[in-house]
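Notebook open, viewer running. I'm jotting down what I look up as I go.

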Amino acid sequence: MSGIIVALIFGLIAFTLGGIPFGLIIASVMAHEDIRKLGSGNIGTTNVARNAGKAAGILTLICDAGKGIISVLLVRWFLSTQGFAPLVPGNTSAEAEFIISFVYACCVLGHIFSPWLHFHGGKGIAVGFGGGLAVNPLAALVALAVFITLAVPTKYVSLGSIGAAVAIPLFCLLFGMDPVATIPVLVVAIAVIWAHRENIKKLNAGNERKFSFGDKKKDK
């Protein structure tokens, strides 16, 4: 099977899986709320935690990160059966590395533009981090460190998320990823920053909300 066909098949699977709105499902089951009508209206971890509680937020984080990990490991597994790439990251050919990063991008874009929610979705950080661990673990962990460094002192999750999005393609390159294979990761970074465009406006205006668990104030 050609690399293009593999990329397209697993990219479609990843896009579909990435689009599963776990935050919406979890908030509905655990808090009996439509998370799209609460707070920022976003289906991601932060809005779920604020409006459906800490447990729902943590579960959303795990599920969203999990679909990123599963999508990448699935294509890694297939490529390993064909002798193109190891299941565990490392010593991957340039072609296989591009396929893996392409599938990663498809999963994150599926989350941001969910096919199950009329192409509206989350902001891509949790799924991006989860998938990133399976693409380039070192780069993902550095991006997490950037997130923590920016988000914890300021309590602005959006600031940490934007910083992490900027960091991950840069560190993928620094840690040896093929430059062409880094292009889909860069696309992910751009998409995540775009998804935070309203947060960027609020940060600039000084009225971005700080994060705390269980804040159920309903912003309209």
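Is histidine 118 buried or exposed? I get 70% relative accessibility for histidine 118, so it goes down as exposed. My cut-offs: buried is under 20% relative accessible area, exposed is over 50%, and partly exposed is in between, with a 1.4 Å probe and protein chains only.

Before going further, some housekeeping. I'm working on a predicted model, so local features need pLDDT of at least 70 and side-chain atom pairs count only at pLDDT 80 or more, while totals for chains, interfaces and linings use all residues. Residues are numbered from 1 along each chain as its sequence is written, and side-chain values use heavy atoms, with hydrogens and water left out.

**Entry: positive phi**

Histidine 118 sits in the loop between helix 5 (94–112) and helix 6. For helices I take DSSP runs of H or I with at least four residues, numbered from the N terminus. Histidine 118 isn't a glycine, yet its phi is positive, about 55°. Phenylalanine 119 is in the loop between helix 5 and helix 6 too, and it also has a positive phi, about 65°, without being a glycine. I noted these since most residues other than glycine have a negative phi. Glycine 83, which follows helix 4, has a positive phi near 80°.

**Entry: salt bridges**

How many salt bridges does a search of the whole structure find? I count three. The criterion is a side-chain nitrogen of Lys or Arg within 4 Å of a carboxyl oxygen of Asp or Glu.

- Arginine 36 pairs with aspartate 34, at 3.0 Å from N to O. Arginine 36 is partly exposed because its relative accessibility is 43%, and aspartate 34 is partly exposed at 22%.
- Aspartate 64 pairs with lysine 67, at 3.4 Å from N to O. Because they are three residues apart in helix 4 (residues 54–81), about one helical turn separates them. Aspartate 64 is buried at 2% relative accessibility, and lysine 67 is buried with a relative accessible area of 2%.
- Lysine 201 pairs with glutamate 198, at 3.6 Å from N to O. Both lie in helix 10 (residues 197–205), three residues apart, about one turn. Lysine 201 is exposed at 53% relative accessibility, whereas glutamate 198 is partly exposed at 43%.

**Entry: around lysine 67**

What does lysine 67 touch, leaving aside its neighbours within four places in sequence? With contact taken as heavy atoms within 4.5 Å, I find Leu17, Gly18, Gly19, Ile20, Phe22, Cys107, His111 and Val127.

I also checked the length of helix 4. Its 28 residues should span 40 Å at 1.5 Å a residue, and its end C-alpha atoms are 40 Å apart, so the two agree. The expected span is 1.5 Å times one less than the number of residues.

**Entry: glycine 130**

Glycine 130 is in helix 6 and is buried because its relative accessibility is 1%. Beyond its neighbours within four places in sequence, glycine 130 contacts Ala65, Gly68 and Ile69. I also looked at cysteine 106, which is 24 residues away along the chain; its C-alpha atom and that of glycine 130 are separated by 13 Å.

**Entry: helix 7**

I ran the span check on helix 7 (residues 137–154) as well. Which residues of helix 7 are buried? I have Ala139, Ala140, Ala143 and Ala151. The buried residues of helix 7 pack against helix 6 (125–135) and helix 8 (157–174).

**Entry: second largest pocket**

The second largest pocket holds about 190 Å³ of space. Of its 14 lining residues, the closest to the centre are Pro89, Gly90, Glu97, Val135 and Asn136. A pocket here is an open set of points on a 1 Å grid over the protein atoms alone, where a 1.4 Å probe fits, with protein on both sides within 12 Å along at least five of seven lines; lining residues have an atom within 4 Å of a point. Points are joined across faces, edges and corners, and the volume is the space filled by probe spheres set on them.

How values were computed: Helices (H or I, at least four residues) and strands (E, at least two) are DSSP runs, numbered from the N terminus.
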